[in-house]
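This report concerns a single protein chain.

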Amino acid sequence: MSFSWLKNQKSLSDWPDDRLSYSHSPRSDSIEFIMSINSAQPEDEGVYSCVARNEYGSDQKDIRLMLVERPKAPEFVELVDVWSRSARVRWSIPDNGNSPILSYTVEYWSTPGGDWNETVSSSLTSYIIRGLKPFTVYSLHVWASNSIGDSEPSEQIHFKTAKEEPSAAPVNIKIEDVGSTYIRLSWKPPPPEHWNGELSGYYVGYKQSTSKLPYTFNTVEAEEQLTYYVLRGLRRATRYLITVRAYNDVGSGPQSEEITVKTHNLEPPAQPVLMVKDIGSTYIQISWALDDEMRPFTTGFSIHYRKNGDKWQEISVPDADQTSYTLTNLDAGISYQIYVTSMGSTGLSEPSEIATVRTSAEAIFHAPPPTQMSSTVDDVTQILYIVVPVAVATVIIVIVIVTACVYVYSKRPLPSHHPYGDLPASKNFSYMSTVPRHHDIPITVCGGNAMKYGSPYSTVPLTRPEQEEEEPIYESVMDEIRCKIKQKSFDDDIKLGTATIV
């Protein structure tokens with residue numbers, strides 16, 4: 001008896017020998033024929049037939065081969081929603097490998113090696129992951145499982161949870177210095193895992209210990225490691241409660257524990273005014289000023305400086321007359337914070353405003369300026385600062401006034417060349433005040449009319465040739481001229497010779 005195998009009614013003679021193997025095992029009433037396929041592939045599925053033959057005939061048995069394997073990896077994995085402490089993930093149903101999918105597994109992690117698994121029912125294709133941390137980057141993938149095993153994981157996706165207000169208060173709150181009207185304190189930020197986002201700053205709250213009113217909060221910018229702040233304008237000999245809370249873009253976190261501190265009762269020294277005079281790559285020159293009335297009560301100064309985030313360093317200046325100092329041996333291109341306090345018999349003054357100064361990034365090879373500047377030079381400089389602007393302003397005002405006067409003068413109307421416009425230019429009169437009185441006056445008049453004289457002090461009467469009547473006698477030449485001007489009755493045919501008035 002012989003036997004053979006067919007696939008979909010086709011011979012398997014063309015298959016590679018290393019993929020197929022045959023065996024048979026006799027039984028009491030039959031023979032079992034076995035065909036094995038090595039490295040089965042999905043394309044090997046089909047209807048296989050086993051054909052047995054002997055001298056009496058043949059018989060055939062058909063068997064449908066269906067390949068069962070692990071499912072394919074889920075596809076189209078995506079984040080649908082992301083919140084501060086949860087996220088919703090979704091995927092599509094994969095090929096189940098000819099075996100029903102029993103479940104899905106969502107694996108996620110925030111750091112390598114610190115992963116968490118969530119098992120999801122096979123009937124679901126989305127899942128909400130809970131218990132996440134705010135403002136944290138996570139990675140995840142999904143795989144499917146059936147009776148054969150687990151699929152390969154899907155492609156990884158990355159997401160970042162939303163921000164949330166800080167969940168812890170600042171720590172290590174300390175009172176660094178206490179005056180009669182100020183309190184200087186310091187603190188450190190909350191642990192980074194409780195920031196829930198980048199810290200924007202802090203709220204420093206204070207109130208009198210006996211007050212029932214809420215806290216008054218001042219805003220302070222955040223620093224990386226250690227933050228200093230000075231509460232100013234407090235009452236002397238008064239007990240205060242102080243608390244600090246951190247905040248970010250979303251909101252503010254819980255308050256720290258209250259700290260109780262009492263201000264001094266003594267009158268503090270005057271607060272200096274800090275100024276930056278010069279900046280180099282390795283030095284910063286500063287100066288400060290005090291009210292002249294308070295200078296006799298000052299015994300010295302204290303300069304405090306540090307790099308951002310470092311501890312404060314202090315330099316004592318015992319000379320009360322010194323008003324400038326040069327910080328040397330600094331690092332190039334680094335930001336420094338500086339403030340000054342004055343010292344007196346009653347203690348320290350309120351700190352000056354904190355100046356943040358960055359040294360030059362490029363190397364500067366000239367020597368830094370001297371620490372103490374000459375008082376005479378400072379006085380002259382201050383005088384020039386006042387006098388020069390005033391002098392320049394005065395000159396500008398004078399120039400403007402002169403320019404305006406010239407402009408107005410140039411626009412005024414010009415006077416007439418003849419004071420008496422109606423008098424002909426040919427009528428010339430000469431008035432001689434030195435001629436003796438009672439003197440005959442020779443007069444030539446065109447026309448030949450007879451003239452009669454009035455009093456010795458009268459003006460010679462003048463008559464027109466065509467006029468028969470005598471004209472009136474005038475007491476003076478000026479009277480006649482004024483009358484003629486008013487009447488505008490001069491004739492051009494009157495020609496006078498020489499007239500002398502005595």
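A residue counts as buried under 20% relative accessible area, as exposed over 50%, and as partly exposed in between (1.4 Å probe, protein chains only). The model is predicted, so local features require pLDDT of at least 70 and side-chain atom pairs count only at pLDDT 80 or more, whereas totals for chains, interfaces and linings use all residues. Residues are numbered from 1 along each chain as its sequence is written, and side-chain values use heavy atoms, with hydrogens and water left out.

**Overall composition**

The chain contains 2 helices and 28 strands; helices (H or I, at least four residues) and strands (E, at least two) are DSSP runs, numbered from the N terminus. Of the 502 residues in the chain, 34% are buried. The chain exposes about 31,500 Å², of which carbon and sulfur atoms supply 53%; accessible areas come from the Shrake-Rupley method with a 1.4 Å probe, and for residues only the protein chains shown count as cover. A contact means heavy atoms within 4.5 Å. Among contacts between residues at least 6 apart in sequence, 61% join residues at least 24 apart.

**Salt bridges**

Side chains of opposite charge can pair when their charged atoms come close. The structure holds 8 salt bridges, each defined as a side-chain nitrogen of Lys or Arg within 4 Å of a carboxyl oxygen of Asp or Glu. The table includes three of them.

| Pair | Closest N and O atoms |
|---|---|
| Glu-152 and Arg-70 | 3.7 Å |
| Arg-85 and Glu-164 | 2.9 Å |
| Lys-307 and Asp-331 | 2.4 Å |

Glu-152 forms a salt bridge with Arg-70. This pair links distant parts of the chain, 82 residues apart: Glu-152 is in the loop between strands S12 (137-145) and S13 (157-160), and Arg-70 is in the loop between strands S6 (57-65) and S7 (75-82). Arg-70 is partly exposed, at 42% relative accessible area.

Arg-85 forms a salt bridge with Glu-164. The two lie 79 residues apart, Arg-85 in the loop between S7 and strand S8 (86-92) and Glu-164 in the loop between S13 and strand S14 (171-178). Arg-85 is partly exposed at 38% relative accessibility, whereas Glu-164 is buried at 16%.

Lys-307 forms a salt bridge with Asp-331. Lys-307 lies in strand S23 (residues 298-307) and Asp-331 in the loop between strands S25 (324-327) and S26 (335-344), so the pair ties together parts 24 residues apart in sequence.

**Nonpolar patch**

Leu-384, Val-388, Val-392, Ile-396 and Val-400 make a nonpolar surface patch of about 430 Å². Patches are made of residues with over 30% relative accessible area and no salt bridge, like charges being joined within 9 Å and nonpolar side chains (Val, Leu, Ile, Met, Phe, Trp, Tyr) within 5 Å. Ile-396 lies in helix H1 (residues 375-411) and is partly exposed, with a relative accessible area of 48%.
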